[in-house]
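Today I went looking for the open spaces in this structure and for what lines them. Come along through my notes.

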Amino acid sequence: MNFIDILKNLWVNTGFAHSEWQNYVMLVIACVLLFVGIGLKKEPLLLVPIGFGMLLINIPGAHEILLKEPTDGAIGGFMWYVSRGVKWVIFPPIIFLGIGAMTDFGPLIANPKSFLLGAAAQLGIFITLFCAIPIFGEKVAAATAIIGGADGPTSIYVASKMGVSNATLSAITVAAYSYMALIPIIQPPLMKLITTKKERAIKMKQLRPVSKREKIIFPIVITVVCGLILPDSLPLLGMLMLGNLLKECLVTDRLSQTASNGLMNAITIFLGITVGTMAYGVEFLDTDTLIIVALGLCAFVMGTIGGLLMGKLMCLLTHGKINPLIGSAGVSAVPMAARVSQTVAQKEDPNNYLLMHAMGPNVAGVIGSAVAAGVLLAMFP
């Protein structure tokens, strides 16, 4: 082999020899996600792994190495094996286990009416579903609509179960997590548009204390009732309730700490980088991706509006005892949506503390998104 042939071989094995314009566009998008996560500190635990995974896979030539399928006598690429956690819907239920172990269900138990707000905030999912079916068909439409729940793991779970393509799965997931990160920007204008200054200033009475017995019984009852009505919701809902039971029963502290810390952190890393590596530019950058992102935004906005309108109705029926701002927390992003409700309320009155009241609908929204996922999977098996 002469010197020229050696140089040719070197060139063929560089990324430059296999690059497409889409790779460079996605590298820029990856850097934007990294900036949002690191520079702006918006959902960094998710956007940093997603952004870095997107960076990795769009380096020209990396796709064939990282996602190489195993064949007889040959080992597959590293990310091919890691991605099975998403493909085989393993990661999302484990994330729900961790969420359950970290979340206090007390505000929801103390004020069961919060379930209505959590249910109303799922409105955007079903409005978007019927708008998207003529465009994508039932399964992709269902996977797109679930973005309205503002719940990344649920979006991944439904999209994976529906068998959508890698590019569609990545678009749905990136949209879901991006809108979660942008809640402090998207929700406040809607809250001020739909509620009045007087409504935003309403102070709610302190929640009643919730006994340890109630906190132990609650996840068991919810699992049995929802499981009997909608078994398709159990992989997510069951793991959420198990995590909360481990937290509240006081005899499984080691398991609760593992679920909410080490296990949760490890799965978050692998989930994020897997989602990022599915955003391969050549497949990702098309018209369908833009439509999915737009429909996801509509679903999220309509979900927020649904929660706020239910909050206004409950405010009217209770003669001003419920601040309608807590309805916006009915989306599933815990606890960010609840914090946004408090922030907007305190701009009207710095002494108005809505956080614990908003946590009720927020937790109800997590349960509601899991139930909505079960409904979609039952509708389109």
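This is a predicted model: local features need pLDDT of at least 70, side-chain atom pairs count only at pLDDT 80 or more; totals for chains, interfaces and linings use all residues.

I looked up which helices line the largest pocket: H3 (44-57), H7 (91-102), H13 (166-181), H19 (262-277) and H22 (336-348) each give at least two residues. Helices here are DSSP runs (H or I, at least four residues), numbered from the N terminus. I noted that H19 has the largest share of this lining, with 4 residues.

Residues are numbered from 1 along each chain as its sequence is written, and side-chain values use heavy atoms, leaving out hydrogens and water.

Next I checked the volume of the largest pocket, which is about 660 Å³. It has 25 lining residues, and the closest to its centre are Glu43, Leu46, Met102, Met264 and Val334. A pocket is an open set of points on a 1 Å grid over the protein atoms alone, where a 1.4 Å probe fits, with protein on both sides within 12 Å along at least five of seven lines; lining residues have an atom within 4 Å of a point. Volume is the space filled by probe spheres set on the points, which are joined across faces, edges and corners.

Then I turned to the second largest pocket, with about 290 Å³ of space. Of its 15 lining residues, Ile29, Val174, Phe284, Thr289 and Val293 are the closest to its centre. Here H13 gives the largest share, 5 residues.
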